[in-house]
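Please find below a short note for a reader who is new to this structure. It takes up the chain as a whole and then turns to a single residue.

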Amino acid sequence: MTRWFEGKVKSICQNSIEAALEHQNTLTKPAGSLGRLEQLAGQFAGWQSQPHPTLNHLSVSVFAADHGVCAQGVSAFPQSVTGQMIVNFLEGGAAISVLSHGLGADLRVLNMGTVDPVPQRYQSHEQLENHQIAAGSADFSQGFAMSEQQLTQCFSAARDHVSGLGARDLFIGGEMGIGNTSSASALYAALLSLPAADVVGRGSGIDDAGLKRKIQVINTALALHKASLNDPYQVLRALGGLEIAALVASYIACAQRGIPVLVDGFICTAAALLAVKLNAGVRHWLLFSHQSAEAAHSRALAALEAQPLLDLGMRLGEGSGAAVAVPLIQSALSLHNRMASFAQAGVSQGA
(Lines give C-alpha, C1' and ligand atoms only; values in the text may rest on other atoms or scores of the structure.)
Protein backbone atom coordinates (compact mmCIF):
# COMPACT_ATOMS: atom_id res chain seq x y z
CA MET A 1 0.00 0.00 0.00
CA THR A 2 1.41 3.38 -1.04
CA ARG A 3 1.72 5.91 1.77
CA TRP A 4 0.64 9.46 0.97
CA PHE A 5 4.19 10.80 0.97
CA GLU A 6 5.19 8.25 -1.67
CA GLY A 7 2.54 9.53 -4.10
CA LYS A 8 3.42 11.18 -7.43
CA VAL A 9 4.58 14.76 -7.51
CA LYS A 10 3.16 17.23 -9.99
CA SER A 11 4.72 17.11 -13.45
CA ILE A 12 6.87 19.98 -14.71
CA CYS A 13 6.01 21.63 -18.03
CA GLN A 14 8.96 21.09 -20.36
CA ASN A 15 7.30 23.12 -23.13
CA SER A 16 7.23 26.17 -20.86
CA ILE A 17 10.91 25.71 -20.01
CA GLU A 18 11.81 25.57 -23.69
CA ALA A 19 9.65 28.61 -24.50
CA ALA A 20 11.25 30.60 -21.67
CA LEU A 21 14.77 29.75 -22.79
CA GLU A 22 13.90 30.63 -26.39
CA HIS A 23 12.56 33.97 -25.14
CA GLN A 24 15.87 34.57 -23.34
CA ASN A 25 17.66 34.32 -26.68
CA THR A 26 15.58 37.18 -28.12
CA LEU A 27 16.51 39.67 -25.37
CA THR A 28 19.02 42.51 -25.79
CA LYS A 29 22.05 40.68 -24.43
CA PRO A 30 24.54 38.11 -25.66
CA ALA A 31 23.05 34.62 -25.44
CA GLY A 32 23.68 33.08 -22.02
CA SER A 33 25.24 36.25 -20.61
CA LEU A 34 22.95 36.30 -17.56
CA GLY A 35 24.16 32.85 -16.62
CA ARG A 36 22.28 31.23 -13.73
CA LEU A 37 19.60 33.93 -13.85
CA GLU A 38 18.47 32.61 -17.24
CA GLN A 39 18.29 29.08 -15.82
CA LEU A 40 16.17 30.31 -12.91
CA ALA A 41 13.68 31.88 -15.30
CA GLY A 42 13.44 28.58 -17.13
CA GLN A 43 12.98 26.58 -13.93
CA PHE A 44 10.15 28.80 -12.72
CA ALA A 45 8.53 28.67 -16.15
CA GLY A 46 8.44 24.89 -15.90
CA TRP A 47 7.11 24.96 -12.36
CA GLN A 48 4.38 27.47 -13.21
CA SER A 49 3.58 25.99 -16.65
CA GLN A 50 3.91 29.38 -18.31
CA PRO A 51 6.83 30.94 -20.22
CA HIS A 52 6.62 34.20 -18.23
CA PRO A 53 6.61 33.18 -14.55
CA THR A 54 6.07 35.55 -11.63
CA LEU A 55 6.88 35.55 -7.92
CA ASN A 56 3.96 37.19 -6.16
CA HIS A 57 2.91 34.74 -3.44
CA LEU A 58 5.69 33.62 -1.10
CA SER A 59 5.17 31.50 2.04
CA VAL A 60 7.70 31.17 4.85
CA SER A 61 6.89 28.50 7.42
CA VAL A 62 9.18 28.06 10.43
CA PHE A 63 8.90 24.70 12.22
CA ALA A 64 10.08 24.66 15.83
CA ALA A 65 10.73 21.85 18.33
CA ASP A 66 13.11 20.77 21.05
CA HIS A 67 15.47 17.79 21.09
CA GLY A 68 15.98 15.26 23.86
CA VAL A 69 19.60 14.73 22.86
CA CYS A 70 20.36 18.05 24.54
CA ALA A 71 20.52 16.03 27.76
CA GLN A 72 23.94 14.90 26.49
CA GLY A 73 25.37 18.43 26.55
CA VAL A 74 25.57 18.91 22.79
CA SER A 75 24.36 22.51 22.65
CA ALA A 76 25.73 25.84 23.86
CA PHE A 77 22.21 27.15 24.62
CA PRO A 78 19.47 25.93 26.98
CA GLN A 79 16.30 24.47 25.48
CA SER A 80 14.23 27.35 26.83
CA VAL A 81 15.62 29.38 23.91
CA THR A 82 13.43 27.48 21.42
CA GLY A 83 10.21 28.69 23.04
CA GLN A 84 11.64 32.16 23.49
CA MET A 85 12.50 32.34 19.82
CA ILE A 86 8.96 31.36 18.85
CA VAL A 87 7.82 34.48 20.69
CA ASN A 88 10.54 36.49 18.93
CA PHE A 89 9.31 35.23 15.54
CA LEU A 90 5.77 36.28 16.37
CA GLU A 91 6.89 39.67 17.71
CA GLY A 92 8.78 40.36 14.48
CA GLY A 93 12.24 40.55 16.05
CA ALA A 94 13.96 37.50 14.54
CA ALA A 95 16.03 37.55 11.36
CA ILE A 96 13.45 35.57 9.39
CA SER A 97 10.69 37.88 10.65
CA VAL A 98 12.53 40.95 9.37
CA LEU A 99 13.40 39.30 6.05
CA SER A 100 9.86 37.98 5.53
CA HIS A 101 8.39 41.40 6.20
CA GLY A 102 10.76 42.96 3.67
CA LEU A 103 9.77 40.40 1.06
CA GLY A 104 6.05 40.72 1.73
CA ALA A 105 6.02 37.01 2.54
CA ASP A 106 3.33 35.20 4.48
CA LEU A 107 5.17 34.08 7.65
CA ARG A 108 3.81 31.24 9.78
CA VAL A 109 5.35 29.56 12.83
CA LEU A 110 4.50 25.94 13.65
CA ASN A 111 5.33 24.75 17.14
CA MET A 112 5.72 21.00 16.75
CA GLY A 113 6.78 20.42 20.35
CA THR A 114 8.82 22.48 22.79
CA VAL A 115 9.96 21.80 26.34
CA ASP A 116 8.55 25.15 27.48
CA PRO A 117 4.98 25.70 26.23
CA VAL A 118 4.24 28.79 24.17
CA PRO A 119 2.94 31.48 26.57
CA GLN A 120 -0.84 31.54 26.75
CA ARG A 121 -1.11 35.07 25.38
CA TYR A 122 0.51 33.95 22.11
CA GLN A 123 -1.37 30.70 21.57
CA SER A 124 -4.12 32.37 19.54
CA HIS A 125 -1.66 34.48 17.51
CA GLU A 126 -2.69 34.56 13.85
CA GLN A 127 0.79 33.50 12.70
CA LEU A 128 1.09 30.51 15.04
CA GLU A 129 0.05 26.88 14.63
CA ASN A 130 0.56 25.38 18.07
CA HIS A 131 0.65 21.59 17.54
CA GLN A 132 2.79 20.65 20.60
CA ILE A 133 2.95 16.96 19.69
CA ALA A 134 5.36 16.29 22.55
CA ALA A 135 7.68 18.24 24.84
CA GLY A 136 10.44 17.75 22.29
CA SER A 137 11.80 14.56 20.79
CA ALA A 138 13.40 11.83 22.89
CA ASP A 139 17.17 11.44 23.28
CA PHE A 140 18.17 9.60 20.10
CA SER A 141 21.36 8.32 21.71
CA GLN A 142 19.22 6.31 24.12
CA GLY A 143 16.33 5.22 21.87
CA PHE A 144 14.15 6.36 18.97
CA ALA A 145 13.70 10.13 18.77
CA MET A 146 10.01 9.75 17.89
CA SER A 147 7.33 7.13 18.18
CA GLU A 148 5.51 5.97 15.05
CA GLN A 149 2.47 7.95 16.18
CA GLN A 150 4.46 11.15 16.72
CA LEU A 151 6.09 10.88 13.31
CA THR A 152 2.69 10.31 11.70
CA GLN A 153 1.33 13.37 13.53
CA CYS A 154 4.23 15.51 12.29
CA PHE A 155 3.67 14.39 8.72
CA SER A 156 -0.07 14.96 8.87
CA ALA A 157 0.27 18.42 10.42
CA ALA A 158 2.77 19.51 7.76
CA ARG A 159 0.69 18.12 4.89
CA ASP A 160 -2.41 19.89 6.19
CA HIS A 161 -0.44 23.11 6.62
CA VAL A 162 0.73 23.05 3.00
CA SER A 163 -2.79 22.21 1.82
CA GLY A 164 -4.07 25.28 3.63
CA LEU A 165 -1.62 27.69 2.03
CA GLY A 166 -3.56 28.04 -1.20
CA ALA A 167 -1.82 29.01 -4.44
CA ARG A 168 1.83 29.83 -3.85
CA ASP A 169 4.73 30.66 -6.17
CA LEU A 170 7.42 29.60 -3.68
CA PHE A 171 7.70 27.92 -0.26
CA ILE A 172 10.49 28.43 2.25
CA GLY A 173 10.70 26.12 5.23
CA GLY A 174 12.64 27.34 8.24
CA GLU A 175 13.50 25.64 11.52
CA MET A 176 14.20 26.45 15.14
CA GLY A 177 15.26 23.91 17.73
CA ILE A 178 18.10 23.85 20.22
CA GLY A 179 20.03 20.65 19.49
CA ASN A 180 18.85 20.25 15.92
CA THR A 181 22.33 20.44 14.38
CA SER A 182 23.10 17.23 16.30
CA SER A 183 20.02 15.62 14.80
CA ALA A 184 20.84 16.84 11.30
CA SER A 185 24.45 15.67 11.64
CA ALA A 186 23.29 12.22 12.69
CA LEU A 187 20.92 12.11 9.72
CA TYR A 188 23.73 13.06 7.32
CA ALA A 189 25.98 10.38 8.79
CA ALA A 190 23.26 7.75 8.38
CA LEU A 191 22.02 8.79 4.92
CA LEU A 192 25.42 9.50 3.36
CA SER A 193 27.34 6.71 5.16
CA LEU A 194 29.79 9.18 6.66
CA PRO A 195 31.60 9.00 10.02
CA ALA A 196 30.33 11.36 12.69
CA ALA A 197 33.57 13.33 12.72
CA ASP A 198 32.96 14.31 9.08
CA VAL A 199 29.45 15.69 9.62
CA VAL A 200 29.56 17.34 13.04
CA GLY A 201 30.06 21.09 13.38
CA ARG A 202 29.85 23.58 16.22
CA GLY A 203 26.19 24.40 15.65
CA SER A 204 25.26 27.38 17.78
CA GLY A 205 28.82 27.67 19.11
CA ILE A 206 29.96 24.73 21.27
CA ASP A 207 33.59 24.58 22.43
CA ASP A 208 36.15 21.86 21.65
CA ALA A 209 35.00 19.63 24.50
CA GLY A 210 31.41 20.02 23.35
CA LEU A 211 32.38 19.16 19.78
CA LYS A 212 34.11 15.97 20.93
CA ARG A 213 31.09 15.05 23.05
CA LYS A 214 28.74 15.67 20.12
CA ILE A 215 30.75 13.30 17.92
CA GLN A 216 30.68 10.62 20.62
CA VAL A 217 26.93 10.99 21.09
CA ILE A 218 26.26 10.61 17.36
CA ASN A 219 28.54 7.58 17.13
CA THR A 220 26.61 6.02 20.01
CA ALA A 221 23.32 6.74 18.25
CA LEU A 222 24.48 5.30 14.92
CA ALA A 223 25.54 2.08 16.64
CA LEU A 224 22.29 1.89 18.60
CA HIS A 225 20.09 2.34 15.50
CA LYS A 226 22.22 0.31 13.08
CA ALA A 227 19.32 -2.02 12.23
CA SER A 228 17.14 0.93 11.14
CA LEU A 229 19.59 2.77 8.92
CA ASN A 230 18.58 1.14 5.62
CA ASP A 231 15.06 2.62 5.73
CA PRO A 232 14.91 6.43 5.42
CA TYR A 233 11.56 6.61 7.20
CA GLN A 234 13.00 4.73 10.18
CA VAL A 235 16.17 6.82 10.02
CA LEU A 236 13.99 9.88 10.45
CA ARG A 237 12.12 8.30 13.36
CA ALA A 238 15.36 7.20 15.00
CA LEU A 239 17.49 10.31 14.60
CA GLY A 240 15.29 13.20 13.52
CA GLY A 241 13.33 15.84 15.35
CA LEU A 242 9.69 16.85 15.31
CA GLU A 243 10.44 20.00 13.30
CA ILE A 244 12.72 18.16 10.89
CA ALA A 245 10.00 15.57 10.30
CA ALA A 246 7.52 18.35 9.56
CA LEU A 247 9.96 19.93 7.12
CA VAL A 248 10.36 16.61 5.30
CA ALA A 249 6.60 16.23 4.94
CA SER A 250 6.12 19.86 3.90
CA TYR A 251 8.64 19.50 1.08
CA ILE A 252 6.91 16.38 -0.20
CA ALA A 253 3.46 17.96 0.06
CA CYS A 254 4.68 21.04 -1.84
CA ALA A 255 6.06 18.88 -4.66
CA GLN A 256 2.78 16.99 -4.87
CA ARG A 257 0.85 20.26 -5.11
CA GLY A 258 3.28 21.86 -7.56
CA ILE A 259 4.80 24.46 -5.23
CA PRO A 260 8.56 24.94 -5.69
CA VAL A 261 10.64 24.89 -2.52
CA LEU A 262 13.61 27.14 -1.78
CA VAL A 263 15.69 25.07 0.64
CA ASP A 264 17.61 26.81 3.43
CA GLY A 265 20.84 25.57 4.98
CA PHE A 266 22.22 22.67 7.03
CA ILE A 267 19.08 21.52 8.85
CA CYS A 268 16.70 22.09 5.97
CA THR A 269 18.97 20.28 3.53
CA ALA A 270 18.94 17.24 5.84
CA ALA A 271 15.13 17.36 5.59
CA ALA A 272 15.36 17.76 1.80
CA LEU A 273 17.69 14.77 1.55
CA LEU A 274 15.21 12.68 3.52
CA ALA A 275 12.30 13.91 1.40
CA VAL A 276 14.12 12.83 -1.76
CA LYS A 277 15.00 9.46 -0.23
CA LEU A 278 11.30 8.93 0.55
CA ASN A 279 10.04 10.26 -2.79
CA ALA A 280 12.61 10.76 -5.56
CA GLY A 281 10.33 13.03 -7.59
CA VAL A 282 10.54 15.72 -4.90
CA ARG A 283 14.06 16.59 -6.08
CA HIS A 284 12.67 18.28 -9.22
CA TRP A 285 10.79 20.80 -7.06
CA LEU A 286 13.74 21.82 -4.88
CA LEU A 287 15.95 24.87 -5.37
CA PHE A 288 18.87 25.27 -2.96
CA SER A 289 19.47 28.76 -1.66
CA HIS A 290 22.94 28.77 -0.12
CA GLN A 291 25.85 26.74 1.16
CA SER A 292 26.04 26.81 4.94
CA ALA A 293 29.25 27.29 6.90
CA GLU A 294 28.26 24.19 8.91
CA ALA A 295 30.24 20.98 8.40
CA ALA A 296 29.10 18.47 5.76
CA HIS A 297 26.58 20.74 4.05
CA SER A 298 28.64 20.73 0.88
CA ARG A 299 28.64 16.92 0.88
CA ALA A 300 24.88 16.81 1.16
CA LEU A 301 24.50 19.31 -1.66
CA ALA A 302 26.81 17.20 -3.80
CA ALA A 303 24.76 14.08 -3.03
CA LEU A 304 21.66 15.96 -4.18
CA GLU A 305 23.46 17.29 -7.26
CA ALA A 306 22.52 20.76 -6.06
CA GLN A 307 24.19 24.03 -6.98
CA PRO A 308 23.26 26.59 -4.31
CA LEU A 309 22.58 30.16 -5.35
CA LEU A 310 24.74 31.81 -2.67
CA ASP A 311 27.70 31.16 -0.39
CA LEU A 312 27.78 33.84 2.30
CA GLY A 313 29.17 31.87 5.24
CA MET A 314 25.74 31.85 6.90
CA ARG A 315 24.73 29.33 9.58
CA LEU A 316 21.77 30.95 11.32
CA GLY A 317 18.91 28.76 10.15
CA GLU A 318 15.29 29.89 10.50
CA GLY A 319 15.01 29.98 6.70
CA SER A 320 17.13 33.14 6.68
CA GLY A 321 19.56 32.05 3.96
CA ALA A 322 16.68 31.15 1.68
CA ALA A 323 14.98 34.49 2.30
CA VAL A 324 18.18 36.33 1.43
CA ALA A 325 18.24 34.50 -1.93
CA VAL A 326 14.70 35.53 -2.92
CA PRO A 327 15.69 38.94 -4.41
CA LEU A 328 18.04 37.07 -6.72
CA ILE A 329 15.09 35.06 -8.05
CA GLN A 330 13.00 38.21 -8.31
CA SER A 331 15.76 39.81 -10.37
CA ALA A 332 15.91 36.79 -12.67
CA LEU A 333 12.17 36.88 -13.33
CA SER A 334 12.07 40.66 -13.70
CA LEU A 335 14.83 40.57 -16.31
CA HIS A 336 13.09 37.72 -18.11
CA ASN A 337 9.75 39.49 -18.27
CA ARG A 338 10.75 43.12 -18.73
CA MET A 339 13.87 43.27 -20.89
CA ALA A 340 13.28 44.39 -24.44
CA SER A 341 13.85 42.06 -27.33
CA PHE A 342 16.24 42.99 -30.13
CA ALA A 343 13.23 43.66 -32.36
CA GLN A 344 11.45 45.85 -29.78
CA ALA A 345 14.54 47.91 -29.06
CA GLY A 346 15.65 48.22 -32.66
CA VAL A 347 19.01 46.74 -31.76
CA SER A 348 20.90 44.66 -34.30
CA GLN A 349 21.36 41.05 -33.29
CA GLY A 350 24.76 39.48 -33.83
CA ALA A 351 25.30 36.89 -36.53
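The numbered points below concern a predicted model.

1. Overall fold. The protein chain contains 14 helices and 6 strands. Its radius of gyration is 21 Å, close to the 20 Å that the globule rule gives for 351 residues, so the chain is as compact as a globular protein of that length. Along its principal axes, the C-alpha trace spans about 70 × 45 × 45 Å.

2. Burial and surface. Of the 351 residues in the protein chain, 56% are buried. The chain exposes about 14,100 Å², and carbon and sulfur atoms supply 50% of that area.

3. Contacts along the sequence. When contacts between residues at least 6 apart in sequence are considered, 75% of them join residues at least 24 apart.

4. Charges. The protein chain carries 21 positive and 25 negative charges.

5. Position of Ala249. This residue belongs to helix H10, which covers residues 242–257. Is Ala249 buried or exposed? Its relative accessibility is 0%, and because buried means under 20%, Ala249 counts as buried.

6. Surroundings of Ala249. Which residues does Ala249 contact, leaving aside its neighbours within four places in sequence? They are Trp4, Phe155 and Ala158. A further pair may be inspected in the view: Ala249 and Ala275 are separated by 26 residues in sequence, and their C-alpha atoms are 7.1 Å apart in space.

Definitions and conventions
Residues numbered from 1 in each chain as written. Predicted model: local features only at pLDDT ≥ 70, side-chain atom pairs only at ≥ 80, totals over all residues. Heavy atoms only, no water. Helix = DSSP H or I, 4+ residues; strand = E, 2+ residues; numbered from the N terminus. Buried < 20%, exposed > 50% of the residue type's maximum accessible area, 1.4 Å probe, protein only. Contact = heavy atoms within 4.5 Å. Rg over C-alpha atoms; globule rule 2.2 N^0.38 Å. Areas by Shrake-Rupley, 256 points an atom, 1.4 Å probe, with all protein chains shown as cover. Lys, Arg positive; Asp, Glu negative; His and termini not counted. Charge placed at Lys NZ, Arg CZ, Asp CG, Glu CD.
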